[in-house]
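Hi,

Here is the structure I said I'd pass on.

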Amino acid sequence: CVLKYTTEELKADREIVLAAVTQNGRAFCFATEELKADREVVLVAVTQCGGALLYAAKALMADRNIVLAAVTQDGSAFCFVTKELKADREIILAALSAHNLEQESAIYELIPMKLWGDEEITLRLIEIYGDGLPLTFLFYFIQNLLNPIG
């Protein structure tokens, strides 16, 4: 990544950083803290590379639209999502539907228990992990089908 080897002045240049993250979202990690707090720069970076969310300013890591873009591009970015947004059903489903979600990424461990009984989430998890899902999760899902959480 060219941005890695540029001067601090260029790493702080919004136009340069936008051009870099448009080509390669991973370049975002070399941007200045100021640009890591720039909503547009962050959105472009996470749209290109969901994992760039890790380098965004804390406030933007809690921005629902930015998080949705990140997990849609790379479901594994769900690991960097704030606790509040980890309970967002749409964000969970977007992460589980990302084309490049690695099976080793244990997203089910990060999903709040109250959503374990959600049929669509559980069916998607079964599609991804098959019999690799822990029995605890599956038992909870079955129990919730029989006795839904009020």
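This is a predicted model: local features need pLDDT of at least 70, side-chain atom pairs count only at pLDDT 80 or more; totals for chains, interfaces and linings use all residues.

The largest nonpolar core has 43 residues. The members that touch the most others in it are F28, V46, L53, V71, F78, I111 and I121. Leaving out residues up to four places away in sequence, V46 touches A52, L53, I66, A69, A70 and Q73.

Next, α2 and α4. Their axes are 8 Å apart, and the helices pack at an angle of about 15°. That angle is under 35 degrees, so α2 and α4 count as roughly parallel to each other. The crossing of α2 past α4 is left-handed. On the α2 side the contact is made by R14, V17, L18, V21, T22 and Q23, which meet E40, V41, V44, A45 and Q48 of α4. Sorted by class, that contact comes to six nonpolar, three polar and two charged residues.

Last, a loop residue. D63 sits between α5 and α6. Is D63 buried or exposed? Its relative accessible area is 17%, and the cut-off for buried is under 20%, so D63 is buried. Setting aside neighbours within four places in sequence, D63 is in contact with R39 and L85.

Cheers

Methods. Residues are numbered from 1 along each chain as its sequence is written. Side-chain values use heavy atoms; hydrogens and water are left out. A nonpolar core is a set of buried Ala, Val, Leu, Ile, Met, Phe, Trp, Tyr and Cys residues joined through side-chain atoms within 4.5 Å. Buried means under 20% relative accessible area, exposed over 50%, partly exposed in between (1.4 Å probe, protein chains only). Contact means heavy atoms within 4.5 Å. Helices (H or I, at least four residues) and strands (E, at least two) are DSSP runs, numbered from the N terminus. Axes are lines fitted to C-alpha atoms, for helices over the stretch in contact, and angles run from 0 to 180 degrees between N-to-C directions. Angles under 35 degrees count as roughly parallel, over 145 as roughly antiparallel, 65 to 115 as roughly perpendicular and the rest as oblique. A crossing is left-handed if the near helix is turned anticlockwise from the far one by less than a right angle, and right-handed if clockwise. Ala, Val, Leu, Ile, Met, Phe, Trp, Tyr, Cys and Pro count as nonpolar, Asp, Glu, Lys and Arg as charged, and the others, Gly among them, as polar.
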